[in-house]
Amino acid sequence: MSDRYAAAGVHRDAAEAAKRRIAEFVRQSRTPLALGTIGAFGGLVRVPPGYAHPVLVLSTDGVGTKLLVAARAGIHDTVGEDLVNHCVNDILVHGARPLAFLDYIATGTLEPDIAAALVAGVARGCRAHDMTLAGGETAELPDLYQPGHYDLAGTIVGIVEEGAALHGDRVQPGDVLVGYASTGLHTNGYTLARRIVFEQLRLDVQDTFPETTRSVAEVLLDGHRSYAAAVTPVLARVHALAHITGGGIPGNLVRVLPAGCEAAIDAGAWPWPTVFRVLMRAGAVSLGEMRRVFNLGLGFMAVVARDDVESLVAAASRAQVPAWIVGEIHAGPAGVRFVER
């Protein structure tokens with residue numbers, strides 16, 4: 001039976017080899033809150049003490065077509081860390097602390113080295129946030145994925161005190177917008193970015209990216225920054241947070257604006273990283289589309305009372321994350337408006 005299964009494209013020996021290597025990365029990420037055995041059907045994690053009314057915050061996401069750049073470059077561990085940081089940021093928006101993570105890898109033909117590299121990156125991201133990698137799934141699906149392709153997704157579980165959870169309802173006219181620097185594209189806009197770089201500019205991963213001394217692979221695989229260290233120390237001062245992912249600033253900031261509050265963004269308040277200027281010019285992409293597709297150098301945003309701005313910027317500086325005052329909240333219909341200088 002196993003020989004016929006292998007002939008159909010599923011290789012159990014490779015899967016077992018991958019699982020043995022993955023188990024070690026899982027073991028390295030376990031925290032004192034972890035329970036049970038590695039390889040069990042489910043991952044068990046204790047709720048930490050000290051919460052009167054604990055609320056679990058859950059989020060699921062993927063890395064998108066950045067994976068195609070990783071596969072093309074043969075660099076597979078960085079996207080695992082990208083995945084964790086993306087998910088950490090998503091629950092940080094609600095003021096949550098990360099507790100546990102689950103990953104999912106699917107591929108046509110399982111390569112143990114690639115699977116191990118992916119999970120190594122995931123485990124590294126988990127350790128950086130004192131979070132347990134509680135389990136996951138590695139699926140070999142030869143009829144679904146082309147040779148050399150894989151998908152990577154993850155689910156995060158976080159926790160927050162119910163009364164401290166952020167929903168955006170504290171935002172009010174007069175609040176100030178603080179923007180936190182991204183480290184490039186993060187994990188969004190890669191379908192357009194790849195088309196511009198690989199098809200229009202006719203560059204490959206080993207070539208030098210325009211206006212830089214770095215390779216295309218280095219620029220396009222820059223990590224998705226986590227903002228936990230920059231924001232967590234000042235969460236009590238924050239009125240709302242937004243993770244700037246697909247949809248850019250307008251598509252994400254609006255999600256935390258209550259009725260009667262409009263965000264006015266100072267379009268010249270922060271510098272665009274080189275990658276965005278190159279993509280806009282080389283791809284002849286309009287400013288409006290750039291704002292809808294990319295983060296344009298701001299990976300995270302906070303809405304805060306004017307008196308607390310200094311504390312937020314100082315906390316970001318201590319975490320070595322550049323931050324700028326990028327706008328303010330006005331009375332008006334909920335939405336985002338860019339103010340050109």
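Which helix and which strand each supply at least two residues of the lining of the second largest pocket? Hi everyone, let's start there. This is a predicted model, where local features need pLDDT of at least 70, side-chain atom pairs count only at pLDDT 80 or more, and totals for chains, interfaces and linings use all residues. Residues are numbered from 1 along each chain as its sequence is written, and side-chain values use heavy atoms, without hydrogens and water.

The answer is helix H4 (78-92) and strand E8 (238-243); helices (H or I, at least four residues) and strands (E, at least two) are DSSP runs numbered from the N terminus. E8 gives the most, with 3 residues. A pocket here, on a 1 Å grid over the protein atoms alone, is an open set of points where a 1.4 Å probe fits, with protein on both sides within 12 Å along at least five of seven lines; lining residues have an atom within 4 Å of a point. In total 14 residues line this pocket, and Asp90, Val93, His94, His243 and Arg255 lie nearest its centre.

On to the helices. H3 (residues 66-73) and H6 (residues 190-200) pack at about 45 degrees, with axes 8 Å apart; axes are lines fitted to C-alpha atoms over the stretch in contact, and angles run from 0 to 180 degrees between N-to-C directions. Lys66, Leu68, Val69 and Arg72 of H3 meet Tyr190, Arg194 and Phe198 of H6, contact meaning heavy atoms within 4.5 Å.

Last, the rings: there are 4 aromatic pairs, with Phe, Tyr or Trp (six-membered ring) centres within 6.5 Å. Tyr180 and Phe300 pair edge-to-face (planes over 60 degrees apart), at 6.2 Å and 65 degrees. Thanks, everyone!

Notes: Rings of Phe, Tyr and Trp (its six-membered ring) pair if their centres lie within 6.5 Å; planes under 30 degrees apart count as stacked, over 60 as edge-to-face and the rest as tilted.
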